[in-house]
Structure formats: C-alpha cells, structure tokens
Amino acid sequence: MTGEVGSEAAVSVPVTFDGLFGWLHPAAGTRGVVLCGAYGFEQMAAHRPWRSLAEGLAAAGCPTLRFDYPGEGDSADLDEARVAGCVAAVRGAIAYLRATTGVAEIVVVGLRLGATFAALAGEGEAVDRLVLLAPVTTGRAYLREMRLRAQTIGRLPDGSAPAQDPDSLTVGGFRMEAAFLTDLADLNLARLARAPARHALLLAPETKALAAHLGALGCDVATGAFPGLAALVADPIFSDVPTADFARVIGFATDGMAAAGPRPGGIAIDGRRNGLTGPGWAEAPVRFGRGLIGIRCRPDRAESAAPTILFVSTGMSVHSGWGRQTTDLARRLAAEGIASVRFDLRGIGDSDERPDGRKPLFAGDGFADVTAAVDLIAGAGGPILLVGGCSGAYAAFHALCRDRRIDGALLLNLYCFDWDPDQDLDQVIRQTFGSASTYAALLKRGATWRRLIRGEIRIAAIASVLARRCIEAGIRRLRRALRPGPLGGSPARRVAALNEPPVAARPGLARLSADHQAALFRAVRADTRAEAVRVAGPSYIQGNVAAAQNLAAVVDLANIHAYPGAEHPETDGGGSLARFVAAARPVFGDAPVIATENGYHTALATGSAHLPISPGLRARYLPRMLLWSYLQGVRRTYLYELISSFDRGDADPESRFGLLAHDGRPTPAFAAVRNLVRLFGAPAGEIAAVPADRHVTLGIPVPDLITARFARRDGATLVPIWLGLDGWDRRSRAPRPDLPARTAELRLSRQPRRVRLHRFDDDGAVSVVELPADRRVPVPVTDRLGVVELT
C-alpha cells in the first residue's frame with residue numbers, strides 16, 4: 001500500500017491522542033503495555049530497539065503502545081516542556097490504551113527518565129505491573145550525568161564541545177530549557193508516597209535503595225542488572241537490542257497473564273485519521289515502497305508551484321531528526337507554504353528491516369528508498385528537493401544522479417560520493433566520526449574518562465548538532481534555494497565546479513586552492529604505493545588562470561579545459577588549443593599537459609555564450625580534435641561527456657554534451673569516436689611510433705593539410721589526413737557548404753601490399769575506399785577525417 005497508513009496496512013498502527021503521536025502494536029491479550037521511552041538523545045539512540053521490544057510484547061499477546069512525549073518526536077509542539085506534562089502524557093497513554101483495546105490489566109515499562117515518569121504516573125493510576133529500566137532516581141544526579149555527556153556528544157570538527165547557554169542544557173542536539181531543568185532538579189523517587197504498581201521489575205546498575213523504598217510502599221519488587229544499557233542508549237549508529245534484558249521484561253510483563261479472549265470495551269482504530277495539526281500545518285503518517293514509513297507534512301495553504309522537500313534519514317537517526325530538527329523544520333516550512341515528507345530508510349526508525357539485515361549507511365541501493373519517496377510525491381506538482389545529512393546526503397546524491405524528477409538537493413556533511421564496499425562500515429564510522437559512548441559504559445573505564453577530561457580524545461559527531469539557531473540557518477538556505485530561477489544544478493554539477501576554482505571572483509580562494517594542491521602532492525609522494533601515480537593540477541578556466549598561483553613545484557601534469565566553443569579544432573582564434581596551453585604555463589611551468597575536459601555541445605537553441613554546433617558537425621570535429629590534441633603535445637584528452645547529464649531540451653548545453661543522449665541513445669559523435677578507437681586499436685589495442693623503414697612523406701604541399709603517421713602493433717601504418725578548415729557558420733548556426741576535395745600525394749619508402757582510405761562521415765559511419773598500392777598514392781582530402789591504412 002502506498003499512502004496514509006491505515007490499520008489494515010501494517011502490524012503496528014499509528015495513533016494520536018492528547019496531541020501525542022504513537023504506535024499501537026495490536027494483540028489479542030487482555031493485558032496491555034505502555035512503553036515510556038527515554039528522553040531526548042537517549043531515546044533517539046534507543047528508538048529502533050524500543051520498537052523491537054514493542055513488537056516482542058505484542059507477539060507475546062500484549063497490546064502495546066509506544067509514544068512520543070509532548071514536544072518530542074512527531075508529537076505536537078510545546079511552548080514550554082515540563083516534567084508534569086510528561087507524567088500527564090504517561091497517564092493519557094494508559095487511558096488511551098484502556099479505551100481503545102479494552103484491556104483489563106496495564107503494564108508500564110519505562111527507560112531512564114521515562115522510567116521515572118512511569119513511576120510518578122503510577123502513583124495515581126491502577127497499574128498492575130511496572131518495569132523500571134535504569135530509572136533516574138534523582139534529577140540532580142541525572143543532570144550531572146547529562147552535563148558530562150554533553151561534553152562528549154556532538155563535538156565540533158576541532159574537537160571542542162558545543163557551547164552551552166547558561167539557562168539551558170543541550171545534549172546531542174536536544175535542548176532542555178530552564179523550567180524543565182528546574183523540574184528535573186526537584187525529582188527524587190525516594191519521595192514516592194504510594195506504590196506505583198503491585199509488582200515491579202527493577203533493572204539497573206544499582207537497585208538496592210530504590211527496591212527497598214518500593215518494597216516499603218507495598219510493592220513486590222524483583223531486581224537485576226541491566227548489562228545491555230550501554231548498547232541501548234549509546235548512539236543511534238551503534239545502538240543494539242539488549243536481547244536478554246528485553247526477554248526478561250517480556251517474561252515479567254506476561255507472567256500469569258490470562259489466556260486471550262473477548263475483551264470488553266475498546267474502539268475501532270483507523271490509522272488514516274490519526275494525524276496531527278498545528279499552526280499552518282497538518283501531518284499524517286505514510287507507508288510506501290517496500291515497508292518505508294514517514295510523516296507527510298502539508299501546509300494549510302499550499303501553492304501549486306511550491307516545492308516539496310524530502311528529508312532523508314541521517315545516520316541511523318529516526319525521521320524526526322537529530323535534536324528533533326527535522327520535525328521542527330518541516331513544520332516551519334509548512335507554515336511558509338512548503339510541503340515535506342520526512343522518512344526512514346529501510347533499517348532505520350520505523351521502516352522495515354533491509355533484506356540483507358545490514359545497516360543502511362552508505363548502502364549501494366539506498367537511493368532506491370529515496371526514489372520510492374519521490375514516487376509518493378511525484379504528482380504533487382512543483383519542484384522536488386532533497387535534504388540529507390551524512391549518509392542521508394549520500395543516498396540523496398545518488399538518487400539525484402539517477403532520477404530526473406528531482407530538481408535539487410541540500411547535502412549536509414557529505415562524507416563521500418562513492419563508497420568502497422570493501423571498507424568495514426563500523427570501523428570507518430568509529431575512526432572518522434568517533435561515536436559517543438554511554439556514561440554507564442564509560443564508568444567502567446576510568447582511564448577513558450581521565451583521557452576525555454584531559455582532552456586527549458577528540459570525539460567527532462556523526463551529524464551536525466543543529467539547535468534552534470541552526471534551524472534558522474537551514475531555513476535561510478532553503479529560502480535561497482527556493483527563489484525563482486535555477487536551483488544551482490545537481491550535486492554532480494556543484495562537485496564538478498570544484499575542479500574549476502573561481503579564484504578570480506573569490507578572494508583567498510587562489511591561496512586555498514594552492515594549499516590544497518600542495519597538500520595533495522605531498523600526500524601522494526609520501527605514499528610508497530603511489531610512486532607511479534602522477535598528480536595533475538586543478539583546471540583554472542577563463543579569467544581564473546591569471547589569478548591562480550604558481551603550482552609548478554606541486555604538479556606532475558598541467559591541466560586544461562580546452563573547449564573551442566563553436567570553432568574548429570585547429571583554430572587559431574579564441575578557442576585555440578595553443579592559447580589554452582600557453583595560458584597554463586605561468587601556473588604549471590613546463591609540466592606535460594592533459595585536457596581533463598574538452599568537447600562540443602549541440603544545443604542549437606541555447607542563448608549561452610558557449611556556442612553550439614550541429615550533431616553532424618560534432619561527429620566531424622571530435623575525431624579531428626582528439627588527433628589534433630595529440631599532435632599538439634597534449635598527453636591525454638578526456639571528452640566531456642560520455643552521457644548527457646540532463647534532457648532539458650535544445651536550449652540547455654548540459655543536455656547536449658554527451659556522446660550518448662541522456663536516455664542512452666548513441667549520437668553520431670559516439671559512432672565517430674568509437675570507429676576512431678576501433679581503427680587505431682585493432683587488433684592489439686596499441687599504436688607505436690613508425691619504424692624508420694616505413695617513412696611516409698607528402699609530395700606537393702597542400703594548404704591547410706594536417707597529417708601524421710602511426711604504426712599499429714599488427715604492422716599496419718596509419719596516416720590520418722584532413723584539412724583543418726572551419727565547417728560551421730556561427731551566425732546562421734548551420735554547416736558551411738562542402739568544399740571541393742584537394743589531392744595530397746603520399747610518398748612511401750617501400751611498396752605497400754594494400755592501401756585503403758577510411759573516410760569518416762557526419763553520421764559517424766566510416767566508408768572504406770581502395771587506393772592504388774603504389775609508392776606514390778594520391779589521396780582525396782576534405783575537412784572530414786580520412787585515415788590511410790597501409791599494409
């Protein structure tokens with residue numbers, strides 16, 4: 001099913017009550033379970049294992065409800081978060097579960113601060129069983145712990161901890177304001193005056209004092225350690241299901257439970273009607289693709305031309321985002337008329353597992369989940385923009401490169417463009433990003449804590465910590481992206497632009513580019529495995545060449561982008577190859593030259609200053625360009641590009657550069673280049689200098705004639721020959737009339753066995769003509785390439 005989630009669509013059903021969003025996992029038993037998750041960063045880390053616990057409880061026969069606290073996750077926003085509001089939310093969840101499922105008994109399971117909320121709520125509710133998982137026994141101790149954790153989570157690139165406002169505390173992007181901090185400081189479970197349940201299970205590193213107090217209140221308490229805590233609330237990337245601990249929870253929750261049977265009361269649950277609304281926005285859960293879950297946020301007043309934003313999961317964080325930033329941003333954008341969908345890739349948050357069971361970070365097929373989200377909104381009208389961070393940016397980038405329906409993307413903290421599948425993901429993440437460890441686990445490692453306190457361990461964040469002021473910056477960036485006009489091109493275009501540094505327009509960039517080149521050169525030369533690797537310089541183009549710094553000492557190869565525009569390859573005008581080479585000399589000295597980009601486009605309706613030529617003329621020019629570049633000393637030439645990046649019509653040059661059209665169809669130029677490669681490479685794939693006994697000379701000079709001599713490995717001599725003339729009328733944008741052929745005479749040093757002329761045509765095809773097998777061979781020559789083959 002694709003669309004809003006209904007009860008018939010999934011095992012779990014999205015529900016809302018009292019402004020809270022949650023998931024109900026139906027079951028047939030008469031004992032229901034309310035799950036009270038941890039708070040803030042800890043619950044973001046524990047989200048998926050917590051869902052696993054809910055599924056396990058439901059499978060054991062207990063209808064189970066998990067939910068987001070007020071102002072957290074996908075629940076409604078709050079003006080001010082308070083502890084009393086969280087406790088009231090637990091009581092509301094208990095009442096909702098009773099009313100909707102008709103269960104006779106209630107079990108409440110709480111984790112960390114959620115366990116404290118559960119115990120406080122139980123004082124005024126008829127709770128039969130209570131599970132406290134590492135509860136916060138005193139708020140002051142919890143705040144000390146969180147302040148310490150705030151120093152180790154989400155460190156900045158320089159290794160320092162994010163600055164804290166004096167009246168608040170931010171842990172992993174989740175901000176607790178002054179009023180909430182005051183409430184927390186006053187928490188103390190030793191003040192419980194009534195037993196919160198008849199039976200309790202307490203799993204924690206230290207249980208004695210709280211167990212004794214609960215027992216004194218008349219509660220039957222079972223206790224135990226909680227060895228899986230560290231893996232549960234440490235970090236979303238490395239969070240793991242504490243299987244043994246959860247098995248004990250399920251066993252306690254179902255102990256003595258009556259057999260399933262008809263339940264009194266209860267109401268029908270329809271997930272399609274369980275959305276939330278707020279000022280300017282309305283949200284509903286959606287299920288689409290292969291088990292993907294997300295939240296669709298619509299503005300009250302949508303404009304037909306307004307874009308839709310797709311927020312792609314960052315790391316292993318649930319779709320509400322690091323610090324709940326994605327939920328906040330989606331709703332603020334909706335208030336400005338912009339719709340969005342925030343969703344979990346498979347293996348993250350509320351979406352299904354991946355078929356291979358692996359983490360989805362940098363998965364080679366992760367783009368397919370993004371494409372499924374595009375399918376969901378493709379008919380909404382308006383541009384589609386992607387927003388992703390870290391591994392989410394990676395998935396977004398690859399989706400953008402494949403899906404023409406996507407109009408742009410904002411990629412944050414993109415680690416790489418191509419992932420090496422042979423790399424160990426966990427090792428790379430730990431080394432590159434330095435995951436945060438839990439306080440509970442680190443307490444067992446005194447040496448680790450001492451090193452942290454002394455600043456000897458620099459922990460980098462998996463994702464950028466974006467609090468409210470960062471959300472403001474994100475909105476500003478999106479506003480700029482959403483202004484009428486070009487969206488800045490695809491990520492591929494922006495990445496390519498880094499190869500043509502605009503040093504003339506940006507002060508300081510020339511020095512930055514030079515420093516980067518020097519660092520790259522030193523790194524390659526320091527690696528003994530890279531002795532044969534040659535380092536090319538950056539390709540400065542147009543007016544940027546004069547502004548660039550001298551790089552002769554830190555390059556092996558000079559690099560040019562020698563586009564001739566609509567001029568012929570051998571021109572001595574503004575597109576002259578010799579001019580490009582000469583302009584590069586002050587930057588690269590006498591280094592050998594390569595051209596990492598060159599070519600022609602055929603967008604005949606363009607208004608660009610980069611003028612076009614016709615498809616037929618491009619097939620005529622490109623073989624000449626490749627040979628001319630070689631004859632002028634350019635060691636290697638790369639044609640831009642193999643396949644056109646877009647198909648936006650004849651007014652867009654980027655849609656008409658490819659040898660293959662955007663849909664993969666070959667152009668005449670593709671056929672021409674392919675035939676040139678086949679002729680020179682057959683059969684052994686190499687050419688060599690002509691031996692001394694195979695001299696080929698010209699007879700009477702022919703104006704504008706260009707020729708060369710090559711020998712193939714099979715013994716054949718190849719003589720490319722053509723007239724370096726202009727075949728294009730730039731004013732009318734049409735080919736010039738064909739000129740009469742001129743005759744050149746090849747004089748050979750020895751008698752050939754066979755002489756054939758391969759004539760390249762404007763459709764890319766090659767025709768073959770037999771010539772006299774004499775030592776003097778007359779050859780008809782035009783501005784279309786001919787190659788004489790002597791055997």
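Helix H1 (residues 41–59) packs against helix H8 (residues 243–254) at an angle of about 35 degrees, and their axes are 10 Å apart. The model is predicted. H1 passes H8 in a right-handed crossing. On the H1 side, the contact uses Pro49, Trp50, Leu53, Gly56 and Leu57. H8 answers with Phe246, Val249, Ile250 and Ala253. By class, this contact of H1 with H8 holds eight nonpolar residues, one polar residue and no charged residues. Gly counts as polar here, and Gly56 is among the H1 residues in the contact.

Helix H2 covers residues 83–101, and helix H3 covers residues 113–122. They pack at about 70 degrees, with axes 8 Å apart. That angle makes H2 roughly perpendicular to H3. The crossing of H2 and H3 is right-handed. Val83, Cys86, Val87, Val90 and Arg91 of H2 meet Phe117, Ala118, Leu120 and Ala121 of H3. This contact of H2 with H3 has eight nonpolar residues, no polar ones and one charged one. Arg counts as charged, and Arg91 is on the H2 side.

The table sets out the two pairs.

| Helix pair | Angle between axes | Distance between axes |
|---|---|---|
| H1 and H8 | about 35 degrees | 10 Å |
| H2 and H3 | about 70 degrees | 8 Å |

Next, a loop residue. Where does Gly347 lie? Gly347 sits in the loop between strand E16 (339–344) and helix H10 (366–377). Is Gly347 buried or exposed? Its relative accessible area is 6%, so Gly347 is buried; the cut-off for buried is under 20%.

Which residues does Gly347 touch, leaving aside its neighbours within four places in sequence? Gly347 is in contact with Arg48, Met316, Asp352, Glu353, Arg354 and Pro360. One of these, Pro360, is 13 residues from Gly347 in sequence. In space, Gly347 and Pro360 are 6.0 Å apart, C-alpha to C-alpha. Another, Arg48, has a number that falls within the 41–59 range of H1.

Now the whole protein. The secondary structure comes to 21 helices and 33 strands. The protein has 791 residues, and buried residues make up 54% of them. Take the contacts with a separation of 6 or more: residues 24 or more positions apart account for 68% of these. The protein exposes about 34300 Å². Carbon and sulfur atoms supply 52% of that area.

How values were computed: Residues are numbered from 1 along each chain as its sequence is written. This is a predicted model: local features need pLDDT of at least 70, side-chain atom pairs count only at pLDDT 80 or more; totals for chains, interfaces and linings use all residues. Side-chain values use heavy atoms; hydrogens and water are left out. Axes are lines fitted to C-alpha atoms, for helices over the stretch in contact, and angles run from 0 to 180 degrees between N-to-C directions. Helices (H or I, at least four residues) and strands (E, at least two) are DSSP runs, numbered from the N terminus. Angles under 35 degrees count as roughly parallel, over 145 as roughly antiparallel, 65 to 115 as roughly perpendicular and the rest as oblique. A crossing is left-handed if the near helix is turned anticlockwise from the far one by less than a right angle, and right-handed if clockwise. Contact means heavy atoms within 4.5 Å. Buried means under 20% relative accessible area, exposed over 50%, partly exposed in between (1.4 Å probe, protein chains only). Accessible areas come from the Shrake-Rupley method with a 1.4 Å probe; for residues, only the protein chains shown count as cover.
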